[in-house]
Amino acid sequence: MRNVYVDNAATTPVSQHVLDAMMPYLTDHYGNPSSIYRLGGVARAGIVKARGQVAAALGCTPDEIVFTSCGTESDNWAVLCSAEAAQRQGKHIITSSAEHDAVLSPVKKLSTMGWEVTYLQPDAAGRVPVKDFTEALRSDTILASIMLVNNETGAVNPVNEYSAEIRKRKLKTILHTDAVQGFCKIPFSVQSLGADLISVSAHKIHGPKGAGALYIRRGVKLPQMIYGGSQESGRRAGTEALPAIAGFGEAASHAASEASSTAEEIRKLRDRIIESLKRELPETVFIGEGDSPYIISLSLPGHRSEVLMSALEGEGICVARSAACKKGERSRVLEAMRLSDSVINGALRVSLSRYNTSEEADYFANALVKTSSKIIRNRR
Ligand code: PLP
């Protein structure tokens with residue numbers, strides 16, 4: 001049986017060159033980056049290199065990058081601590097119902113502590129309209145957190161237009177964007193987005209689990225979330241996860257340099273799957289407008305996602321129904337898009353990486369056609 005992994009929005013396999021970049025820090029260069037002898041210096045140099053690589057991929061300066069343990073930590077830090085920093089200025093926050101829980105959970109906590117939250121709804125394409133953002137923005141809005149690429153639908157939000165609106169109205173609102181699914185996948189830089197805080201994560205770009213980063217625009221004062229030592233220029237305490245950070249740097253550097261050619265290849269795979277399903281399984285509903293080529297959100301109304309997923313697993317295919325960390329719960333994002341119950345209940349998220357092949361794309365599409373008709377036959 002084949003093994004076909006099309007759940008790359010959940011996590012990606014670590015590339016060999018990333019593993020090679022990590023190995024020295026797991027073996028010979030095991031020093032603590034804070035130690036002052038040579039072994040510590042070698043470790044420090046590894047962090048400097050990785051910080052430069054991640055900064056280059058984002059188009060910012062290295063001092064604007066702080067390493068964290070994951071995208072979730074970056075999101076929590078951005079939300080909780082920018083609210084803490086600006087509490088005397090105002091207590092209004094804007095976010096969207098389509099955010100990842102790494103943003104929604106800390107926002108919810110703030111709402112129980114007296115912050116007022118406006119939850120914007122995605123439109124039929126899964127994007128948060130600029131008009132709604134503009135209407136929600138107030139002089140006491142201290143934070144707006146809207147993701148760049150939605151992890152379930154691949155919808156890309158016009159973050160540059162939100163930041164332009166904040167600037168136009170000369171507001172002090174901090175704009176945070178969770179770019180975990182967009183980093184090195186869709187073209188953007190910190191300048192093109194105009195956000196103050198940007199979250200990214202290593203394991204979505206063939207890097208290891210255990211490393212993330214938060215871009216903090218120079219001049220933005222973000223209080224610490226993790227206290228202790230003076231690592232990361234006193235902004236994030238804790239001995240640095242050097243092997244993971246070195247792997248993150250290598251993954252970002254490689255993915256950024258190949259971003260446009262990889263996206264082109266992925267787009268071909270995406271189109272191949274869509275064409276084949278349109279032909280062989282015309283009842284397939286495609287959700288959203290396919291903004292990011294990496295994610296195909298589709299549904300087979302009348303089917304149940306979990307039944308499809310388990311039948312596909314029987315064919316060696318790993319695919320999701322929504323975000324991996326939801327452990328198979330019904331999609332809140334698709335509910336926010338006001339899709340019908342039958343579309344939500346039969347939804348699948350197919351997410352691709354540069355390691356998927358056209359044979360795998362065909363295998364997936366054929367397996368979906370085969371398993372869905374088998375499920376229907378077995379019902380009779
Ligand atoms: N934000 C988005 C949009 C994600 O897709 C994910 C992971 O699925 C996260 C945040 C959390 O990132 P991490 O798994 O690195 O904590």
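Author: Begin with contacts, meaning heavy atoms within 4.5 Å. Leaving aside residues up to four places away in sequence, Gly-154 touches Val-149, Asp-291, Ser-292 and Ile-295. This is a predicted model: local features need pLDDT of at least 70, side-chain atom pairs count only at pLDDT 80 or more, and totals for chains, interfaces and linings use all residues. Numbering runs from 1 along each chain as its sequence is written, and side-chain values use heavy atoms, without hydrogens and water.

Reader: Where is the place of Gly-154?

Author: Helices (H or I, at least four residues) and strands (E, at least two) are DSSP runs, numbered from the N terminus. Gly-154 sits in the loop between strand E5 (141-145) and helix H6 (159-168).

Reader: Why does Gly-154 count as buried?

Author: Buried means under 20% relative accessible area (1.4 Å probe, protein chains only). Gly-154 counts as buried because its relative accessibility is 0%.

Reader: Now the ligand. How many residues surround the ligand?

Author: Count a residue if one of its heavy atoms lies within 4 Å. Here 13 residues surround the ligand, and the closest are Thr-72, Asp-178, Gln-181, Ser-201 and Lys-204. Helix H3 (residues 71-85) gives the most to this shell, three residues.

Reader: Which polar side-chain atoms lie by the ligand's nitrogen and oxygen atoms?

Author: Look for N or O pairs within 3.5 Å. A polar side-chain atom of Asp-178 is 2.5 Å from a ligand nitrogen. One of Ser-201 is 2.6 Å from a ligand oxygen. For Gln-181, a side-chain N or O atom lies 2.7 Å from an oxygen atom of the ligand.

Technical notes: Polar contact = N/O pair within 3.5 Å; in protein donor to acceptor, adjacent residues only side chain to side chain. Buried < 20%, exposed > 50% of the residue type's maximum accessible area, 1.4 Å probe, protein only.
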